[in-house]
Amino acid sequence: MTFEAGERVRVLPSGKPGHVRTPAYLKGKVGWVESLIGAFPNPEELAYGHSGLPERPLYKVGFRQIDLWDSYTGPTEDYLYADIYEHWLEPERGTT
Amino acid sequence: MGGSPGGPIDRGQHEVEDWERLADAINGALGAKGLQSTDELRRAIESLENYRDLSYYERWVAATENLLVENGVLSSDEIDERAAEIEQLWDGP
């Protein structure tokens, strides 16, 4: 699965144990792919001394702050960008 | 912290202490020697049971010790013995 810039995505609400680079506060949240950063060894495997291969695509993903924090009172145009690996993303086809 | 409420941010400056520089240098050396990776260190830091009780570099040191043992570079006994030796030197005349 490959994502294009602008594509809406949801971060998997996975409770995968161990070391993951996906912040807990983004799990289950909807954002958009800003750009492809590149492909890198999987840090979830590197964390336990493995090779991390094959390399995994890493995306810069944008989120609206109001979609992340219940008590957020700032402008709608306040965004947060995070680096998320492809295996943590699924296409989001719903509307918000 | 980690997406949980962490309270107000301490914006005060603080001096980096010698042992903190040493902790940083040792981690750099272990990485250069291929004995430890950044991802392993992050995982070991997150795994610390007393994570929230430790300062930034205290976490580095505690996690590094665990990794050295885990990767078979040193044993806990060797680390404890050496630490006791150093402690004695400091307490000496």
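Okay, let's start with chain A: if you take its contacts with a separation of 6 or more, 54% of them are between residues 24 or more positions apart. A contact here means two C-beta atoms, placed from the backbone, within 7 Å.

Some housekeeping. This is a predicted model, where local features need pLDDT of at least 70, side-chain atom pairs count only at pLDDT 80 or more, and totals for chains, interfaces and linings use all residues. Residues are numbered from 1 along each chain as its sequence is written, while chains are lettered from A and ligands numbered from 1 in the order in which they are written.

So, chain A. It has 2 helices and 5 strands, and the pattern along the sequence reads β-β-α-β-α-β-β. Helices (H or I, at least four residues) and strands (E, at least two) are DSSP runs, numbered from the N terminus. The C-alpha trace spans about 45 × 25 × 20 Å along its principal axes. For 96 residues, a compact globule would have a radius of gyration near 12 Å, and the 14 Å of chain A agrees with that. That radius is taken over C-alpha atoms, and the globule rule is 2.2 Å times the number of residues to the power 0.38.

Now the sheet. In what order do the 5 strands of chain A sit? They go β4-β3-β2-β1-β5, in an open sheet with antiparallel pairing. β4 (79–85) and β5 (89–91) of chain A are at the edges with a single partner strand each, so one side of each has no neighbour in the sheet. On average, neighbouring strands are turned by 45° against each other, direction ignored. Strands count as paired if DSSP finds at least two bridges between them.

Let's walk across. β3(A) and β4(A) pair over 7 bridges, antiparallel, and Gly62(A) sits opposite Tyr81(A) in β4(A). Next, β2(A) is joined to β3(A) by 7 bridges, with Leu36(A) partnering Tyr59(A) in β3(A). Then 3 bridges link β1(A) to β2(A), residues 30–40, and there Arg8(A) faces Trp32(A).

What about the inside? In chain A, 18% of the 96 residues count as buried. Buried means 20 or more other C-beta atoms within 10 Å of a residue's own; 12 or fewer is exposed, and in between is partly exposed, with C-beta atoms placed from the backbone. The largest nonpolar core has 10 residues, including Val9(A), Val11(A), Tyr59(A), Phe63(A) and Trp88(A). β1 (8–11) and β3 (56–64) of chain A are the elements giving two or more residues to this core, and β3(A) gives the most, with 3 residues. A nonpolar core, by the way, is a set of buried Ala, Val, Leu, Ile, Met, Phe, Trp, Tyr and Cys residues joined through C-beta atoms within 7 Å.

Over to chain B. Helix α2 (residues 38–46) and helix α3 (residues 56–70) of chain B pack at about 105°, axes 8 Å apart. So α2(B) is roughly perpendicular to α3(B). Axes are lines fitted to C-alpha atoms, for helices over the stretch in contact, and angles run from 0 to 180 degrees between N-to-C directions; 65 to 115 degrees counts as roughly perpendicular, under 35 as roughly parallel, over 145 as roughly antiparallel and the rest as oblique.

Last stop: is Ala23(B) buried, exposed or partly exposed? Partly exposed, because it has 18 C-beta neighbours inside 10 Å. Ala23(B) lies in helix α1 (residues 18–32) of chain B, 7.1 Å from Trp60(B), C-alpha to C-alpha.
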